[in-house]
Amino acid sequence: MTARKRFLTDFPKAVADDAAAIFIGAGVSVGAGYPSWRELLREIGEELGVQSSDVLDLAALAQWSIRKAAGKTRILTVIREQIGDEKPIPIPLEVIARLPIRNVWTTNYDRLIERAFSAIGRPIDVISGDKDLAIRSRPGAARLFKMHGSIERLDDIVISTDDYELYRRNRGAFLPLLQAHMTSFSMLFVGLSLTDPNVRHVLSMIRESFSTSPPEHFAIVRPPHHDDYASKEEFESRLIQHKLWADDLSRYGLQVVEIDDYAEVPELLRDVERRVARNR
């Protein structure tokens, strides 16, 4: 059975059984019109005399800016300017908001997910800091775990090397919850990107919770295309990296569901929605 068929067979059953969760990556926000990490930090890089496209460790680039500016004010201003406005809600999030999933995880700062739930009148409780975890959920509300912070509380976001290295100290309460969900729920990852530094951080935490017989987890990913790159050589290099990365995701218990184009994601999720309705 192919990964796609297995996904469309097993994940809807998990959703119908209230045994599923979902993780929203940066690709969903980029699809809505928000900048990628590299685009977000381009202006910061130029101020430091480097090109963000040439820097592999983008968290380090943020750290350099913070050290040079003697604080986060400059980088937080850039983030507020580029992410503060409200973009149209992408179709995948509209479908996800309708699915009977009660636990949603993300490393994105924007408010797209909250707005998607609000648009259909579905309550969702936002957890963007350790203190929020102590607040009792409203009856019937889904929970959104913004494990790297939110645009509404920029002073508390995770963006620099220090933030990642001190995550356990400053945001450690998220870890046992993520591990519990990874060991008890089937989790779907949407919008994962090889170049997103948040992904490496999340996967490292997932690895800690990996058990000998975890639930099935799935990741919808799109391989690089010729049109994405200026040269054949760069495309071929990126494609090789993607294949190695996709294969490596199995170490974290993730089955890769490959798509040819991001336009397939809404219909794939609608198919899940239809199958969930039949199962229920």
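Visitor: Before that, what kind of model is it, and what gets counted?
Guide: It's a predicted model, where local features need pLDDT of at least 70 and side-chain atom pairs count only at pLDDT 80 or more, while totals for chains, interfaces and linings use all residues. Residues are numbered from 1 along each chain as its sequence is written, and side-chain values use heavy atoms, with hydrogens and water left out.

Visitor: OK, how many aromatic pairs turn up in the whole structure?
Guide: The search finds 6. A pair here means Phe, Tyr or Trp rings (the six-membered ring for Trp) with centres within 6.5 Å; planes under 30 degrees apart are stacked, over 60 edge-to-face, and the rest tilted.

Visitor: How do F7 and F11 sit, then?
Guide: Their ring centres are 5.6 Å apart and the planes are at 25°, so that pair is stacked. They're 4 residues apart in helix α1 (residues 3-16), so about one helical turn separates them. Helices here are DSSP runs of H or I with at least four residues, strands are E runs of at least two, and both are numbered from the N terminus.

Visitor: Is F11 buried or exposed?
Guide: Buried, at a relative accessible area of 0%. F7 is also at 0% and counts as buried. The cut-offs are under 20% for buried, over 50% for exposed and partly exposed in between, with a 1.4 Å probe and protein chains only.

Visitor: And what's the geometry between F11 and F218?
Guide: Edge-to-face, because the centres are 6.5 Å apart and the planes are at 80°. F218 is in strand β6 (residues 217-221) and F11 in α1, so the pair ties together parts 207 residues apart in sequence. F218 is buried as well, at 0% relative accessibility, and F7, F11 and F218 form one aromatic cluster.

Visitor: Switching to helices: how does α1 pack on α14?
Guide: α1 and helix α14 (residues 264-279) pack at about 50°, with axes 8 Å apart. Axes are lines fitted to C-alpha atoms, for helices over the stretch in contact, and angles run from 0 to 180 degrees between N-to-C directions. That angle makes α1 oblique to α14; under 35 degrees would be roughly parallel, over 145 roughly antiparallel, 65 to 115 roughly perpendicular, and the rest is oblique.

Visitor: Which residues meet there?
Guide: With contact taken as heavy atoms within 4.5 Å, the α1 side includes F7 and F11, and the α14 side includes L268, D271 and R275. By class, the contact has 9 nonpolar, 2 polar and 5 charged residues. Ala, Val, Leu, Ile, Met, Phe, Trp, Tyr, Cys and Pro count as nonpolar, Asp, Glu, Lys and Arg as charged, and the others, Gly among them, as polar.

Visitor: What about α7 and α8?
Guide: Helix α7 (residues 91-98) and helix α8 (residues 112-119) pack at about 60°, with axes 9 Å apart. L93, I96 and A97 of α7 touch L112, I113, A116 and F117 of α8. That contact has 7 nonpolar, no polar and no charged residues.

Visitor: Now D18, what's its phi?
Guide: Positive, about 60°, although D18 is not a glycine. Most residues other than glycine have a negative phi. D18 is in the loop between α1 and β1 (20-24), and it's partly exposed at 33%.

Visitor: Last one: what does S29 touch?
Guide: Leaving aside neighbours within four places in sequence, S29 contacts Y34, N108, D110 and L112. S29 is in helix α2 (residues 26-32) and counts as buried at 6% relative accessibility.
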